[in-house]
Amino acid sequence: QSQYVKRRLFVSNHAVAGQSIAALELRDQYGALVTRVRRGDTDVLATSSTVLELGDRVRVLARRNDMQEVVELFGDSYLDVSRVNLLSFGFGITLGLLLGAIEIPITSDVTFQLGFAGGPLIVALIFGALRRTGSFVWTLPYSANQTLQQIGLILLLAGVGVSSGNTLVSTVIDHSWWQIMAAAAVIVLVGSTVTLTIGYKLVKIPFSLLSGMQASQPAVLNYISEKIGNDLPNIGYAIAMPIGIILKVAFAQLLLVLLG
């Protein structure tokens, strides 16, 4: 301990984010070693292939004389990891909206658009896989990401409530609400039961992961995550949600054409 010291450092330096631990060459340049990476509330065993993200907390072992240089390398600024890079964020949203506006011809009379939901989703998946391109870091800091998720969920639910309020009132007045409620209950119960039973019993998918895949929208995911207490539902949701949204957008436009 007279020669070495260990510290937990925030990854706030954009030059480090999106790079693997091996690419930093810590042992050769600083004689340092990363033993743990904490992302959110999850501890991950650090390996040479572990890719760091903004907001990660790394446990570093280094010589006392070299620790300050290691701190400067990672940044260790809580303020910086609470901010959103508006340039990369806005650039990604713009590309997503442009992609969603492109009309893809299916037949001579039928065209398909990803829309304002599918376009940004596809671009986000691509940039999320790339993590960074040159000086552009596409991933959001963990804390900022969680905050935007909560704000987005609130705005989503508020928008749904405002736009559907009049329809709900008119439906209740027409005394047909019980038919809609019964049909919705049957669809949700049957679909959820079949999916969870097949996925958990036959395919052997972990229930926490499967529950996130089953979540139909962010409010359900938020409830599941609070009950389970880990990030597996978010991973399952991220796996199934892109396919689900694209299929919903495609089928909605197809039904509109067929029924119209």
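1. Asp56 and its polar partners. The backbone nitrogen of Glu53 lies 2.8 Å from a polar atom of the Asp56 side chain. The Asp56 side chain also makes a polar contact with the side chain of Arg39, at 2.6 Å. A polar contact here is a pair of N or O atoms within 3.5 Å; within protein, one must be able to donate a hydrogen and the other to accept it, and residues adjacent in sequence count only if both atoms are side-chain atoms.

2. Basis of the model. This is a predicted model, in which local features need pLDDT of at least 70 and side-chain atom pairs count only at pLDDT 80 or more, while totals for chains, interfaces and linings use all residues. Residues are numbered from 1 along each chain as its sequence is written, and side-chain values use heavy atoms, with hydrogens and water left out.

3. Confidence. pLDDT is the predictor's confidence in each residue, from 0 to 100. Its mean over the protein is 84, and 98% of residues reach 70 or more. Strand β6 (residues 111-112) has the lowest confidence, at a mean of 76. Strand β4 (residues 57-63) has the highest, at 92. Helices (H or I, at least four residues) and strands (E, at least two) are DSSP runs, numbered from the N terminus.

4. Asp56 sits in the loop between β3 and β4. Is Asp56 buried or exposed? Its relative accessible area is 1%, so Asp56 is buried. The cut-offs are under 20% relative accessible area for buried, over 50% for exposed, and partly exposed in between (1.4 Å probe, protein chains only). Leaving aside neighbours within four places in sequence, Asp56 is in contact with Leu9, Phe10, Val11, Val37, Arg38, Arg39 and Val51. Contact means heavy atoms within 4.5 Å.

5. Strand pairing around β2. Strand β2 (residues 33-39) runs antiparallel to β4, joined to it by 5 bridges. Leu33 stands opposite Leu61 of β4. β2 also pairs with strand β3 (residues 42-45), again in the antiparallel sense, over 4 bridges. There, Arg36 has Leu45 of β3 as its bridge partner. Two strands pair if DSSP finds at least two bridges between them. The hairpin of β2 and β3 has 2 residues between the strands, and Gly40 takes a positive phi near 70 degrees.

6. α4 (residues 86-101) has 16 residues. From first C-alpha to last it reaches 22 Å, close to the 22 Å expected at 1.5 Å a residue. The expected span is 1.5 Å times one less than the number of residues. At the start of α4, a side-chain oxygen of Asn85 comes to within 3.1 Å of the backbone nitrogen of Leu87.

7. Helix α4, its faces. Which residues of α4 are buried? They are Ser88, Gly92, Gly96 and Gly100. Seen down the axis of α4, the buried residues fall within an arc of 100 degrees, so they line one face of the helix. The arc is that of the directions from the helix axis to the C-beta atoms. An α-helix has 3.6 residues a turn, so residues three or four places apart point the same way. The buried residues of α4 pack against α5 (115-130) and β8 (136-137). On the other side of α4, Leu86, Leu87 and Leu98 are exposed.

8. Asp76 has a phi near 55 degrees, a positive value in a residue other than glycine. Asp76 is placed in the loop between α3 (67-74) and α4. At 24% relative accessible area, Asp76 is partly exposed. Arg131 is another residue other than glycine with a positive phi, near 70 degrees. Arg131 is found in the loop between α5 and β7 (132-133). Its relative accessibility is 26%, so Arg131 counts as partly exposed.

9. Leu125. Leu125 belongs to helix α5. With a relative accessible area of 41%, Leu125 is partly exposed. Leu125 and Ser82 are 43 residues apart in sequence and 22 Å apart in space, C-alpha to C-alpha.

10. Ser208. Helix α8 (residues 207-214) holds Ser208. Ser208 counts as buried because its relative accessibility is 18%. Not counting residues up to four places away in sequence, Ser208 touches Ile228, Asn230, Leu232 and Pro233.
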